[in-house]
Amino acid sequence: MEARSRSKSRAKVAAIAGFLPAVVAVALLIPSAGSAAGPGSGCDAGTPAGPNKTTYKCNLPTGTIGGYEVRQWFALAPTPPQNGFITHMETDIVDEGSGAQVPISRLMLHHIVFLNLNKQDSTCAGQGYTGFDGRKGFGTFAPQRFYGAGEERMKLSMPPGYGVPTDQNHNWGVVAMVMNHRSGVDNALIHYEVTIDTGPLMPAKPYWFDVRDCRADPIYNIPSVAKKKTVAAKKKGKKKRKKPRTKPTVTESRDYVIPESGRLIAGAGHVHGGAVGLTLTEPNCGNRAVARSDPTWGLPDHPFYNVRPILHEPGPINMSAFGRTAGLPVRAGETIRLNSIYDNSLPHVRVMGIMVVYLVPDASVTQDCGPVPGWDVLKTNQPGRPGPIPSRIPLTGLDANGQATTINAPPGPIRNAGRNTVTSVGDRFFGAPNLRVRQGSWITWQFNGAELHNVTLANGPLGIGTDNLDGGRTFTQKLDRPGTYRFFCALHPVQMQERVIVTPRKHKKKP
Ligand SMILES: [Cu+2]
């Protein structure tokens with residue numbers, strides 16, 4: 001059966017050539033588009049999982065991931081060989097030999113998005129996707145994003161009576177990102193399990209909500225609130241302010257006008273380190289909250305918070321999901337707002353705010369602001385901590401043996417620079433690893449390499465994280481907050497570091 005599935009995958013590759021818009025659109029997501037579903041790819045023959053239900057186990061190789069590197073890629077993915085409705089789906093990263101889950105001390109499946117290349121996405125149709133390189137792809141075809149998971153391994157689970165339609169002749173793809181926490185090259189399998197119900201179910205349509213929608217790498221940055229000028233405040237004789245009871249937060253929102261009447265019956269979110277949570281609100285219904293997805297942060301001994309080297313801020317171990325057969329009635333033309341709420345007491349970079357919801361079309365919904373259901377909430381039963389968990393990302397370099405080691409600063413002398421500095425980013429190096437500038441100076445990074453790189457804050461006074469850039473493109477930033485900024489390239493974290501020291505502006509004496 002395995003062999004049969006494999007040859008079927010190859011047949012699909014031929015079939016996909018006839019589906020050009022999708023291939024073009026998807027290939028543009030990632031410049032080094034992965035090869036088609038090849039050796040090691042396939043789904044098994046399925047295992048009965050109840051009346052009318054079969055669970056298929058599918059695998060897809062990750063490809064080679066360099067030591068301490070981050071690989072993000074697109075690949076065709078095997079489609080389960082059964083027509084029907086998806087009622088459950090989950091994914092993980094497993095060892096090629098044993099099939100056992102790969103621990104994050106080895107590889108971390110940072111996130112993965114499953115696409116149906118034969119369907120248009122509900123929210124990005126007509127505009128296409130911006131690629132991983134930040135460039136707009138050709139055309140307007142946006143393959144349907146129907147399921148995604150991050151470190152927290154969100155599972156798709158439909159309330160009874162519903163499923164996401166699936167067709168064995170449709171082509172699936174994945175966009176995935178994996179981090180290698182060890183010094184040697186590595187590879188593994190993306191494993192996913194899909195339960196398909198052949199019984200007559202109500203079809204649920206995925207709506208992908210994202211505060212940075214229609215981007216292959218939908219990141220943004222949380223700046224952190226500026227530190228109080230305590231000295232100046234004291235001089236003015238102000239009383240020391242009481243510590244605020246709640247930490248500052250920042251909320252990014254995006255509105256979606258739902259084009260069809262229906263019932264929103266399930267959903268769950270994805271966030272990164274620093275998140276407070278995700279909510280859905282209805283601005284035209286008194287701004288009421290209608291659903292939420294909340295993070296659970298693991299205990300201090302959880303692997304997420306102990307893996308070394310630290311290549312990014314650790315995220316939650318789980319995001320709660322919601323579902324209910326009655327669902328939330330939504331009339332065509334109603335607006336649903338996604339709110340992504342993050343802590344702003346510290347900088348958080350390359351964060352995301354994504355919620356996938358499932359809508360069942362229902363023409364009988366004719367009223368606005370219908371009743372909010374008492375959602376069934378699914379969340380982990382693992383012990384957790386109230387979050388988000390403050391964490392500091394150090395710079396990581398390589399020691400003489402090629403092993404990751406924490407460094408205070410990149411090697412080399414500090415170069416003083418002027419008010420407007422242009423500094424280059426080459427392939428696997430920063431042109432000026434140690435810079436000193438006066439507060440209020442501007443720095444332009446020019447990405448002269450052939451590969452994609454970025455500038456990402458590890459620690460310092462302001463959350464900064466650029467798109468993935470190349471080909472001479474630039475990013476300019478004013479550094480108005482004094483302090484030491486430690487940057488790295490999030491794609492090549494142990495190879496590329498830069499420190500920028502921003503010295504305080506001299507205070508002008510009043511005459
Ligand atoms: Cu890089």
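Mentor: Across the whole structure, which is a predicted model, a search finds 22 salt bridges. Side chains of opposite charge can pair when their charged atoms come close.

One of these pairs joins arginine 153 to aspartate 92, with 3.1 Å between the closest N and O atoms. Arginine 153 sits in the loop between β7 (143-150) and β8 (156-157), whereas aspartate 92 belongs to strand β5 (residues 84-94), so the pair ties together parts that are 61 residues apart in sequence. Arginine 153 and aspartate 92 are both buried.

A salt bridge also connects the side chains of aspartate 186 and arginine 106, at 2.8 Å from N to O. Here aspartate 186 is found in the loop between β10 (172-180) and β11 (189-197), and arginine 106 in the loop between β5 and β6 (107-120); the pair therefore ties together parts that are 80 residues apart in sequence. Aspartate 186 and arginine 106 are likewise both buried. These two residues also belong to a network of salt bridges that links Asp95, Arg106, Arg182 and Asp186.

A further salt bridge is formed by the side chains of arginine 263 and aspartate 362, again at 2.8 Å, N to O. Distant parts of the chain are linked by this pair: arginine 263 is in strand β16 (residues 262-271) and aspartate 362 in the loop between β24 (353-361) and β25 (376-378), 99 residues apart. Arginine 263 has a relative accessible area of 25%, so it is partly exposed. Aspartate 362 counts as buried because its relative accessibility is 19%, and the cut-off for buried is under 20%.

The nonpolar surroundings come next. In soluble globular proteins, nonpolar side chains tend to be buried together. The largest nonpolar core of this model has 51 residues, of which Met89, Phe114, Tyr147, Trp172, Tyr192 and Tyr358 touch the most other members. Strand β6 supplies the largest share of this core, seven residues.

Strands β30 (residues 420-426) and β33 (residues 441-447) run parallel and pair over six bridges. They belong to an open sheet of four strands with mixed pairing, ordered β31-β30-β33-β35. At its edges are β31 (429-430) and β35 (473-479), each of which pairs on one side only.

The copper ion is coordinated by ND1 of His453, SG of Cys489 and ND1 of His492, at 1.9 to 2.3 Å. Along the sequence, its donor residues follow the spacing H-x35-C-x2-H. Histidine 453 lies in the loop between β33 and β34 (456-459), and cysteine 489 in the loop between β36 (483-488) and β37 (497-503), 36 residues apart. Histidine 453 counts as buried because its relative accessibility is 1%, and cysteine 489 is buried with a relative accessible area of 0%.

The protein chain has a mean pLDDT of 89, and 88% of its residues reach 70 or more. Over residues 1-36, however, pLDDT stays under 50, and the model has 60 contacts beyond four places in sequence for them.

Technical notes. Residues numbered from 1 in each chain as written. Heavy atoms only, no water. pLDDT = per-residue confidence, 0-100. Contact = heavy atoms within 4.5 Å. Pairing = 2+ DSSP bridges. Helix = DSSP H or I, 4+ residues; strand = E, 2+ residues; numbered from the N terminus. Donors = N, O, S within 2.8 Å, 3.2 Å for Na, K, Ca; no water. Buried < 20%, exposed > 50% of the residue type's maximum accessible area, 1.4 Å probe, protein only. Salt bridge = Lys/Arg side-chain N within 4 Å of Asp/Glu carboxyl O. Core = buried A, V, L, I, M, F, W, Y, C linked by side-chain atoms within 4.5 Å.
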